[in-house]
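Here is a short briefing on one protein chain. Please read it alongside the sequence and the coordinates.

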Amino acid sequence: MTTSASERPGKPSVWRAFAQPSAWTMFFFGFASGMPFLLVGLTLAYWLTENDLELKNITLIASAGLTYTLKFLWAPLVDRWRLPLLGRLGQRRGWLLLALVVVTIGLLLMAQLTPVRLGPFIGITLMTAFAGATLDIAVDAYRIEIAPQESQGALLATYSLGYRIALIITGMLALVMADHVPWPLVYQTMAAVMLIPVVAVLMSREPEVLRVQVTTWSEGLYVGVVEPFLDFFRRFGAALALALLAFILLAKVSDQSLGGGIMAPFYLGQGFTKTEIGTVSKLWGVWMGIVGVFIAGIAIARWGVKWPLLAGIVLGAVSNLLYVWLIGADGDLWRLTLVISGENLAQGFQGTTLVAFLSALVNQRFTATQYALFSSLVMLPGKLLGAVSGGIVEHTGYGVYFWITALVSIPAVLLFFWLAPRIRFGGDHAPASGVDRSVGTAAD
């Protein structure tokens, strides 16, 4: 459907890949994507907890991040509709700027309203989360189109670095600030930081992409929405495609089920301060996650995607049981550090292997829409479980809930062994730079 930059000839060196302007543009765009994620999720849960909301309401409100799991619904719109006025910046830059502006305004309004005015506050939180999810769509599409395939590794690396720095700011720094200044000032500060990627958008260049023109609304709807999904079922067949979608739904449910704001009241209830929580979980934990990412990369390079993918699912589930040991910690920082280290190592490993697998499923003709669908499905069940986690904990306790989040991965493991003889896991004997572009049926 498009002719992207990835089709241009020539293979740059590693130095050139990282030195190209688009690599550092992606650093700022990754930073932009990471900023709203915690501010409408886990960090928000701490603010809500200090306003004495019921646990079930905290986890429900802090699950505004569910919009990230539904972004595939409007990804075709971002892919094909050129915005009026802002469209002068280009298809991608126009959407990037719009999403950034809405997120910034949303954070300022959240600071102004505060949870005291709960109804309007929830509405603005949802608007901010929706804009953040839209920003994710636009950033992914920009990355894919701005540079050739051989340069994508560098772009992903700089994107990930920017994203994780944003998590440190909105996680660790925000919590430390909240120990010393009012929460509205914290959110006003985060809104001011969003001006950095706004400048980056204005200074960036628009990807050069030749798009197929459609003449009617029905034709555009078919090309942009229907065809990407039909393509997936055509390539794998109905039964195998449905099994793959089920596997995607279940593969990361353990990890995602610890969202929804459930961890904020848990940490506080174990006697930790916001500064301690922010430093250990949102600073130290982020870097331990990076270690997990590198271990996964080495494992994929050595053994391919198949068995590291299974190991990631198992490790992600088992790491949740570390939190059972944390119950009754009574402010023991060493115990918190060990638990956070283990969980983030597992998350980094599992996330990398799963992204590699999902990337292999995508047809390059429909990259943005199909990848938005797969990445959304990965988060959906865990987010739904996290949304009702408060009610579960109120009836069963934290220990039982953590066991539930571990055991729900068993169906994913069973599906893996059903799929293993039926599909060819891309990159099983390929170098790391070429993993996951060749997933297909076993008969391929």
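Are Phe 266 and Tyr 398 buried or exposed? Phe 266 is buried, and Tyr 398 is buried too. Buried stands for under 20% relative accessible area, exposed for over 50%, and partly exposed for what lies in between, with a 1.4 Å probe and protein chains only.

This is a predicted model, in which local features need pLDDT of at least 70, side-chain atom pairs count only at pLDDT 80 or more, and totals for chains, interfaces and linings use all residues. Residues are numbered from 1 along each chain as its sequence is written, and side-chain values use heavy atoms, with hydrogens and water left out.

**Aromatic pairs**

- The count comes to 24 aromatic pairs; rings of Phe, Tyr and Trp (its six-membered ring) pair if their centres lie within 6.5 Å, and planes under 30 degrees apart are stacked, over 60 edge-to-face, the rest tilted.
- Phe 266 and Tyr 398 make a tilted pair, with 4.8 Å centre to centre and 55° between the planes.
- This pair links distant parts of the chain: Phe 266 is in helix H14 (residues 263-269) and Tyr 398 in helix H21 (residues 398-407), 132 residues apart.
- Helices are DSSP runs (H or I, at least four residues), numbered from the N terminus.
- One aromatic cluster is formed by Phe 266, Tyr 267, Tyr 323, Tyr 398, Tyr 401 and Phe 402.

- Val 101, Ile 105, Leu 109 and Met 127 form a nonpolar surface patch, with about 290 Å² of accessible area together.
- Patch residues have over 30% relative accessible area and no salt bridge, and nonpolar side chains (Val, Leu, Ile, Met, Phe, Trp, Tyr) are joined within 5 Å.
- A salt bridge is a side-chain nitrogen of Lys or Arg within 4 Å of a carboxyl oxygen of Asp or Glu.
- Areas come from the Shrake-Rupley method with a 1.4 Å probe.
- Helix H6 (residues 91-113) gives the most to the patch, with three residues.
- Leu 109 is found in H6 and counts as partly exposed because its relative accessibility is 33%.
- Just after H6, Thr 114 takes a positive phi of about 60°.

- Ile 313 lies in helix H16 (residues 306-320) and is buried, at 1% relative accessible area.
- Leaving aside neighbours within four places in sequence, Ile 313 is in contact (heavy atoms within 4.5 Å) with Phe 247, Ala 251, Gln 350, Ser 409, Ala 412 and Val 413.
- Ile 313 and Gln 350 are 37 residues apart in sequence, yet 6.2 Å apart C-alpha to C-alpha.
- Asp 140 lies in helix H7 (residues 118-146) and is buried, at 16% relative accessible area.
- Not counting residues up to four places away in sequence, Asp 140 touches Lys 71 and Tyr 371.

Notes:
Patch = residues over 30% accessible without salt bridge, like charges linked within 9 Å, V, L, I, M, F, W, Y side chains within 5 Å. Helix = DSSP H or I, 4+ residues; strand = E, 2+ residues; numbered from the N terminus.
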